Amino acid sequence: MVNTLDAAFISKGPWKSNLFQGKVVFVTGGGGTICRVQTEALVLLGAKAAIIGRSESNTITVAEEISKLAEPGAVLPIPKIDVRDYKQLEQAVAQTVKTFGRIDYVIAGAAGNFIADVAHLSPNAFKSVVDIDLLGSFNTVKACLPELLKSKGSVLFVSATLHYYGVPFQAHVGAAKAGVDALSNALAVELGPLGIRCNCIAPGPIENTEGMRRLAPGDFKTRAAEAVPLQRLGTTKDIADVTVFLFSPAASFVNGTITAVDGGAWHVGATF
Ligand code: HXC
């Protein structure tokens, strides 16, 4: 018998106002642009969110701004947490569970970046970025694991595309993000049988982000329009749409994927 679709297909799909009602997302790096918009999307669709950040003022400010999108009390800032410190993340998880009762989704997005050629990249500078991006992602998922096992939750790592080819002055970030991809793949296979999905989103050039401000100063909009196959920079909405899909029931059979949201840029080795 052929399995055809019926009206239930619509009700099980994403993009409904109550899609994430009753769900809780734990976000590291929520103070930055990419993870902030990911959080906004989930909150707009009914989720509660804990925003974990190193900076006190930025974490609190961003949480206040996102909370305007939802009912009071839907967004919890947890500042002064360094993802390199596992104990601090355990405390953040405990605070989240005390406030919201559960964790369903994790966005492991805290990242460090700067442009540096290898001659000016100290061992500690390299280690700092690998520790924030890779060890920090591991720590985040490990600290959330007891809650994810209970909720049969889902993890979204935030990677990049610059390690698919060689991007100069980004050896530290490329190495770290390659590790993030490997971590996501391994955990997808290991945690899949336990009911937990792990996927990765790999943003390319997204306009109005901290990363692009740091990596591609100047008139990169024009350069991007020429270099990217889709002839434009990405938008935060592009990131939000893919995030919603990957956490939604529509992606219930999607596990261990790395979704590049880059307009096809990495296929042509586009740098800015
Ligand atoms: C060379 C630098 C440097 C720079 C820091 N370091 N900035 N080296 N060039 N511009 C060196 C320091 O000298 C030191 O090494 C080491 O890095 C650690 O720096 P600290 O400031 O002491 O440590 P820490 O507080 O841990 O800060 C680490 C950090 C972080 C990585 C610099 O503060 C950071 O990057 N913050 C920015 C957050 C951010 O923008 N996130 C968005 C990322 S976007 P020594 O040897 O002197 O001790 C992104 C997208 C990637 O990731 C993909 C895009 C396509």
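**Loops, helices and the ligand shell**

Reply: Gln 231 lies in the loop between helix H8 (220-227) and H9; helices (H or I, at least four residues) and strands (E, at least two) are DSSP runs, numbered from the N terminus. This is a predicted model, in which local features need pLDDT of at least 70, side-chain atom pairs count only at pLDDT 80 or more, and totals for chains, interfaces and linings use all residues. Residues are numbered from 1 along each chain as its sequence is written.

Me: Is Gln 231 buried or exposed?

Reply: Gln 231 counts as exposed because it has 11 C-beta neighbours inside 10 Å. The cut-offs are 20 or more other C-beta atoms within 10 Å for buried, 12 or fewer for exposed, and partly exposed in between, with C-beta atoms placed from the backbone. Gln 231 also has a positive phi of about 65 degrees, although it is not a glycine.

Me: And what is the phi of Phe 169?

Reply: Phe 169 has a positive phi of about 70 degrees, and it is not a glycine either. Phe 169 is found in the loop between strand S5 (154-158) and H6. With 16 other C-beta atoms within 10 Å, Phe 169 is partly exposed.

Me: Turning to the ligand, which residues come nearest?

Reply: Of the 20 residues around the ligand, Gly 112, Phe 114, Ser 122, Ala 125 and Gly 211 come nearest. A residue is near a molecule if its C-beta atom, placed from the backbone, lies within 6 Å of it.

Me: Which helix gives the most to that shell?

Reply: H5 gives the most, with five residues. Helix H5 (123-151) and helix H7 (210-215) each supply at least two residues of the shell.

Me: How do the shell residues divide by class?

Reply: The shell has 10 nonpolar, eight polar and two charged residues. Here Ala, Val, Leu, Ile, Met, Phe, Trp, Tyr, Cys and Pro count as nonpolar, Asp, Glu, Lys and Arg as charged, and the others, Gly among them, as polar.

Me: Back to H5, then. At what angle does H5 cross H6?

Reply: The axes of H5 and helix H6 (residues 171-191) cross at roughly 15 degrees and come within 8 Å. Axes are lines fitted to C-alpha atoms, for helices over the stretch in contact, and angles run from 0 to 180 degrees between N-to-C directions. H5 is therefore roughly parallel to H6; angles under 35 degrees count as roughly parallel, over 145 as roughly antiparallel, 65 to 115 as roughly perpendicular and the rest as oblique.

Me: Which residues of H5 and H6 meet?

Reply: On the H5 side they include Ala 125, Phe 126, Val 129 and Val 130, and on the H6 side His 172, Val 173, Ala 175 and Ala 176 are among them. Two residues are in contact if their C-beta atoms, placed from the backbone, lie within 7 Å. By class, the contact of H5 with H6 has 13 nonpolar, three polar and two charged residues.

Me: How does H4 pack against H5?

Reply: Helix H4 (residues 86-100) packs against H5 at an angle of about 35 degrees, with the axes 9 Å apart. The crossing of H4 and H5 is right-handed. In H4, Tyr 86, Leu 89, Glu 90, Val 93 and Val 97 meet Asn 139, Thr 140, Ala 143, Cys 144 and Glu 147 in H5. That contact divides into six nonpolar, two polar and two charged residues.

Me: What about H2 and H9?

Reply: Helix H2 (residues 33-44) and helix H9 (residues 236-247) have axes 9 Å apart, at an angle of about 55 degrees. H2 is therefore oblique to H9.

Me: Where does Ile 132 lie, and what is it in contact with?

Reply: Ile 132 lies in helix H5 and is buried, with 22 other C-beta atoms within 10 Å. Leaving aside its neighbours within four places in sequence, Ile 132 is in contact with Val 83, Arg 84, Ala 110, Ala 111 and Gly 112.

Me: Lastly, is Ala 63 buried or exposed?

Reply: Ala 63, in helix H3 (residues 56-67), is buried because 24 other C-beta atoms lie within 10 Å. Not counting residues up to four places away in sequence, Ala 63 touches Ile 51, Val 75, Leu 76 and Pro 77.

Methods:
Left-handed = near helix turned anticlockwise from the far one by under 90°.
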